[in-house]
Amino acid sequence: MALQREIDYSRGVIPDWSLSEGGKFEWGRGNHLLVYGSSVCRKPQSDRPSKFSPCSPKIHQIKWDTSLQNPATRKLVNESHAIFLTLQKLVTEVKDNALKEQLVKISRRYRSVLSACVENLQNDADSAHDGETKNEYILQSELFYKLELIWNLCEILFIDIKPGGVILCQLLEWIRLHFTEGDRKMEVVLEQENPWEQQEAWDAVFCFVFQGRTEDARKLLQTHPNSSRDDFSSMDELLRKMPFYQSVTTYSLTEFKLRWHHWQDECRCRLQDGEFAAVDGLEATCKILCGDWEMFQELSELCETWYHLMVSRLLYTDPTVKAHDLFSIAQECITMFDSVNQMTHLDNTLLAAMEFDLQQVIRECGLYLDSWWFVAHLTDLLHHGGQLDLQQLSYSKNLREFQLIDYASSLMSHQSLWQIGVDYFDHCPVLGRQYLELFLERIPLTSEIKTRKVLALAEKREMFHLARSIAKIKGMNALRNGMLGTALTWAVKSKDACFASVLADKFLVEYSESGQFTSPDLLDNLGSCMLVSDRLTFLGKYREFHKMYEEKEFKEASALLVSLLASRLAPKYFWVTLLFDALPLLESEEVVFSSRQTFQLMYCLEELQQKTDKPPGLKEKEDLLRLALTRNLARAFISEGSQDL
């Protein structure tokens with residue numbers, strides 16, 4: 001079967017006629033499926049020719065969650081990986097209140113890299129020349145913008161919990177960060193020659209007031225030609241005196257409520273006295289400050305979304321609202337914003353967060369917002385913050401591990417991010433090790449560097465069986481390609497005695513035929529690795545014999561040669577070579593073989609002589625060997641006798 005090009009699964013259709021009567025699939029690595037037609041593999045039911053024959057079936061590689069393919073998202077993955085590891089270390093070293101403070105910092109770091117990713121994707125979209133590429137970048141930037149919006153709300157509700165539970169100031173920061181229409185309108189207005197003749201000038205004021213940005217509203221109003229009039233001065237005073245509750249203020253929540261009600265009563269009195277009747281914009285602004293429901297309805301479009309409207313309404317109706325009251329108020333704003341039948345997955349996710357349904361938040365993000373990155377890191381953060389336990393999810397640990405495994409699996413299918421996925425598996429205590437081992441053994445070993453990285457990872461985690469398996473596969477591949485030295489290196493790495501023995505025999509046979517060693521440097525530096533097998537031990541020792549001979553250490557070389565024969569460590573087919581190696585030493589001027597050693601050599605020669613299938617070359621040099629052994633024996637007797645005297 002031929003491997004077809006990758007298919008974008010979001011299109012829903014695979015252009016292949018062989019799938020028309022059914023298909024089959026096999027899982028690939030991570031986010032891959034291999035799909036092929038099942039009908040072409042079906043057994044014939046009759047003697048009639050199949051309409052699928054002859055055919056050329058194809059395998060289609062289907063991938064999803066491919067957002068990791070561009071530099072902006074890869075940067076997000078790398079930076080969030082460092083944050084993730086920092087968090088795992090913190091939870092083992094820091095406890096209680098100190099941990100809660102650190103969790104808030106970790107959450108903000110996650111949001112920071114998300115925001116940077118959105119900005120980078122927008123820049124990529126602006127610089128893209130291809131229309132399809134540009135749209136892809138825009139869609140991804142919108143996705144990560146939504147994810148950052150959700151994360152920010154979850155941080156407010158579940159991570160950065162303020163004393164007393166008052167959350168309006170945090171919600172205002174949330175809205176100000178993600179809705180900047182007021183700033184855009186102000187820029188447009190101030191570029192005009194007569195800005196206050198435009199309705200957008202007042203719309204900008206309303207946008208600022210809706211977000212509690214009273215200082216910005218005051219600055220904009222001061223550009224009005226009549227800003228010195230009493231009605232403008234009165235509005236400026238009301239905006240300046242508007243109280244805001246901060247958790248670090250010196251006065252209590254009760255005292256703030258008194259100040260708030262006093263300020264809003266003053267707003268109502270001035271409105272009823274008609275101080276702002278001369279200017280519609282000022283009157284509308286004062287009605288917003290008074291929390292006038294009809295005015296909110298009239299200007300609701302300036303809030304852009306129901307949750308923006310909700311925060312703005314709370315600012316002027318219930319500034320001390322608690323988190324558990326948000327859900328009921330949100331439903332009212334959804335109805336008012338006419339969004340009941342137009343709820344998106346983003347809306348449902350935000351509403352689930354306000355209902356404190358974390359399980360639904362994770363489900364919505366995982367199923368519809370298509371980001372394993374998000375659910376994995378958010379679930380991990382919430383788990384360490386104890387929020388999943390507070391919701392009485394008996395499977396909270398399993399939920400965290402499940403999300404991390406899914407995310408790590410998607411990383412393992414990427415050619416350069418797979419090493420990051422390893423660290424996520426390491427922090428999944430139940431199934432992480434099993435998944436990691438399965439993925440490591442399926443990683444394409446396309447280069448020597450990559451292979452050594454996989455081996456190092458496996459050995460560090462004591463996956464010795466996997467490490468040996470990989471090394472043996474690489475050794476077999478090297479052997480097929482005729483790289484005997486490389487094959488031996490991998491055999492030693494795999495500690496496979498049988499494979500190492502086969503390779504050692506090949507070295508010996510090659511030496512017997514050519515008189516030279518392949519990869520002598522490798523053999524010279526085997527060290528303790530030669531103990532993997534007896535045959536490899538012999539090869540290493542035989543190479544030592546040659547080095548001794550080259551260095552003219554004849555006595556040591558002769559003793560080693562005899563010991564290799566006497567210990568039966570040398571294979572019998574190689575005895576002839578060893579005996580031939582002894583010839584120059586037997587004929588040397590100095591007696592290097594003792595009588596006992598000479599007898600051992602003679603015994604080996606006799607044993608070879610008695611074999612029915614005599615080794616090649618023995619017959620030609622047998623007489624020469626016997627003569628040399630006999631003469632050396634005589635010389636050894638004389639030398640040893642004189643020493644005894």
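Among contacts in the protein chain between residues at least 6 apart in sequence, what percentage join residues at least 24 apart? The figure is 64%. Keep in mind that this is a predicted model.

**Whole chain**

Show the chain as a cartoon. It has 30 helices and 4 strands. Of the 645 residues, 48% are buried. The accessible area comes to about 33000 Å². Carbon and sulfur atoms account for 50% of that area.

**Confidence**

Colour by pLDDT. The mean for the chain is 86, and 87% of the residues reach 70 or more. Select residues 1–11. Here the pLDDT is below 50, yet the stretch has 29 contacts in the model beyond near neighbours in sequence. Next, select residues 40–44. Their pLDDT is also below 50, and this stretch has 6 contacts beyond near neighbours in sequence. Where pLDDT is low, predicted coordinates should not be read in detail.

**Second largest pocket**

Select N97, L99, K100, E101 and I159. Of the 21 residues lining the second largest pocket, these are the closest to its centre. The volume of this pocket is about 480 Å³. Which of the elements gives the most to it? That is α2, with 9 residues. Colour the lining by residue class. You will find 9 nonpolar, 4 polar and 8 charged residues.

**Second largest cavity**

Hide the surface and go inside. A search of the whole structure finds 3 cavities of 30 Å³ or more. Helices α4 (168–178) and α9 (253–272) each contribute at least two residues of the lining. The most come from α4, with 3.

Centre on F296, in helix α11 (residues 293–298). Is F296 buried or exposed? Its relative accessible area is 1%, so F296 counts as buried. Show its contacts. Leaving out residues up to four places away in sequence, F296 touches F210, I288, G291, L309, S312, R313, Y316 and M336. Draw a C-alpha to C-alpha distance from F296 to M336. The two are 9.5 Å apart in space and 40 residues apart in sequence.

**Two positive phi angles**

Move to E304, in the loop between α11 and α12 (306–317). Check its backbone. Phi is positive, at about 70°, although E304 is not a glycine. The relative accessible area of E304 is 35%, so this residue counts as partly exposed.

Last stop: S519. Look in the loop between α24 (497–514) and α25 (520–524). What is the phi of S519? It is near 55°, a positive value in a residue other than glycine. S519 has 27% relative accessibility and so counts as partly exposed.

How values were computed. Residues are numbered from 1 along each chain as its sequence is written. This is a predicted model: local features need pLDDT of at least 70, side-chain atom pairs count only at pLDDT 80 or more; totals for chains, interfaces and linings use all residues. Side-chain values use heavy atoms; hydrogens and water are left out. On a 1 Å grid over the protein atoms alone, a cavity is a set of points where a 1.4 Å probe fits but cannot get out, and a pocket is an open set with protein on both sides within 12 Å along at least five of seven lines; lining residues have an atom within 4 Å of a point. Grid points are joined across faces, edges and corners, and a volume is the space filled by probe spheres set on the points. Ala, Val, Leu, Ile, Met, Phe, Trp, Tyr, Cys and Pro count as nonpolar, Asp, Glu, Lys and Arg as charged, and the others, Gly among them, as polar. Buried means under 20% relative accessible area, exposed over 50%, partly exposed in between (1.4 Å probe, protein chains only). Contact means heavy atoms within 4.5 Å. Accessible areas come from the Shrake-Rupley method with a 1.4 Å probe; for residues, only the protein chains shown count as cover. pLDDT is the predictor's confidence in each residue, from 0 to 100.
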